[in-house]
Amino acid sequence: MVALFFLYPLGYSAVSAFQDRGGAWTLANFAKAFELYRMDILFTLAIVLLSSLLVALLSVAIGGYLTLGGNRVAVTLLRWLYRWPLFIPFIVASQMMRSFLAKNGLMNNALIGAGIIEPLQAASLLDWRGVVVTFVWKQTPFVALMVAGAMASLDRSTIEAARDLGAGRLRILAEIVVPQVRPTLVVGLILSFVTMLSVMSVPMMINPNSPTMITVDMAYRINAHGDYGVANALGFVSYAMAGLVGWIYLRHGVRQGGGR
Amino acid sequence: MTFRSFGWLPRGLLLGLLAFAVFGPLTNLGLWAVAEKWYFPHALPLQYGFSFWERVFAPRSNAMASLATSVTIALFTVAACLAVSVPAGYALARLRLPWRGAILLAFLLPQAFPSVAVHINVARIFYAVGLNGTVAGVVLVHTVHGLVFSVWITAAAFAAVDRSLEEAARDMGASPLRTFRDVTLPLAAPGVLASSIFVFLESLDEFTGTYFVGVPDVTTLPLLMFNAGMGGNYQIAAITALILLVPSVGFMLVIERFLKADVLAKVGH
């Protein structure tokens, strides 16, 4: 099933990236894709990398506090709070952020209300920052849930031992907890990396202007020009990005002794 | 120096900020859903009301039809995913398969490769065989995507079942099939259920595939919302979004009870 409805179209797209409309082999699609969308390709990579980094930091922080936090009330509150966005569809999240981060959105209004900024300073965040915020908002709970789950099932004796020896919480987190949950963290990050790479609704609704993400360009090539060649060449570029992280995962898996 | 010496203040502030970050956008959406008039520079809507709700729920509006389409597609998708993932998940967790890693990875592929590029070609192929714009076509696209969650979580759930219980059942003379039905499956059920919920929500949320394969005949709620939002009708978009949120948040409460840490820790291993 995966082969029929996924591998076949995948191969089809890879092949047609290298063909012109007549079916002859060519690299013209790539030349055109790079000429028109070079900035967008770099933009996409930068956005997804930055978002992944922020997701990693936040989810380790959340998982770490859930595992090592001393204050029961705070831990319970955090556990209840952090996972809400996980269950909110991407498309709903983009619409939400579109109104939240806008110039007259609730965020600016709250900042003005709290006296932190002047009304004239209110600026719309609906550009690359909006895309990053939405991605991080949506993906952090997913990775944090996986990481926190892995942290919770760790053997606590090493943590207790380190604590007895006087290690601070940050040090325990960085030197004992994170190394042990690293496989889970990497899997979560890779999954969210490719998810962000392939989401079309977020950049389309939050940042449709140039530079934008290549998903938007692909849809534009198809809908406005019927140009499957260039769209597939762009698709090939995003496979290359995904393939890169997949390769990192495989290398990681091999080093771990092939899984389990 | 630890947090403790500052007392509750930094912790409270951080949690407050997080709460604002999580619920701020939701509140904004909620406000738009009940706003009749709202424009810059007013901090809050000028007039509240439910006239847009009447429009959305009116019999001639297509919101209700889209909701029905969305739920139908999601249910079919879950059924198709379960049919594949229960045997596949069990095999991956229990049997000594050559290429086990490769198989797991193959199911990851649809998630691992940017889907837009695949979907435009699926649409092109479906167009040739007449599946474009049909519910069956959309279900197929959603299923391929759902299989990632489905197979991976199901395999993890089977792996988390204590093997000694199965062995005990076999020692008592139960057949392999009976052992599976009476021991393994019930123990793995919470994980399997959780994966179904993920698949259901994923299908409900799916936008890109439907956008390319379903248009113009199949309109799901996300498509309706997208069109309303891009058309500048924030009220209709917000109300549609809220309808989409109801199953998501409802399932969140359910899933918390089913997805245990020991299952999650085995995902992707």
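Why does A:Ala102 count as buried? Its relative accessibility is 12%, and buried means under 20% relative accessible area, with exposed over 50% and partly exposed in between (1.4 Å probe, protein chains only). The model is predicted: local features need pLDDT of at least 70, side-chain atom pairs count only at pLDDT 80 or more, and totals for chains, interfaces and linings use all residues. Residues are numbered from 1 along each chain as its sequence is written, chains are lettered from A and ligands numbered from 1 in the order in which they are written, and side-chain values use heavy atoms, without hydrogens and water.

View 1. A:Ala102 sits in the chain A loop between helix H4 (90-100) and helix H5 (106-113); helices are DSSP runs (H or I, at least four residues) numbered from the N terminus. Beyond four places in sequence, A:Ala102 is in contact (heavy atoms within 4.5 Å) with A:Met97, A:Asn108, A:Ser124 and A:Leu126. A:Ser124 lies 22 residues away along the chain, with a C-alpha separation of 4.7 Å from A:Ala102.

**View 2. The largest nonpolar core.** Such a core is a set of buried Ala, Val, Leu, Ile, Met, Phe, Trp, Tyr and Cys residues joined through side-chain atoms within 4.5 Å. Among its 150 residues, A:Val92 and A:Phe135 touch the most other members. Helix H8 (residues 169-198) of chain A gives the most to this core, 15 residues.

**View 3. Contacts of A:Val92 with chain B.** Leaving out residues up to four places away in sequence, A:Val92 touches B:Leu29, B:Met225, B:Ala241, B:Leu244 and B:Leu245. The predictor gives the complex an ipTM of 0.72 and a pTM of 0.79.

Conventions:
Helix = DSSP H or I, 4+ residues; strand = E, 2+ residues; numbered from the N terminus.
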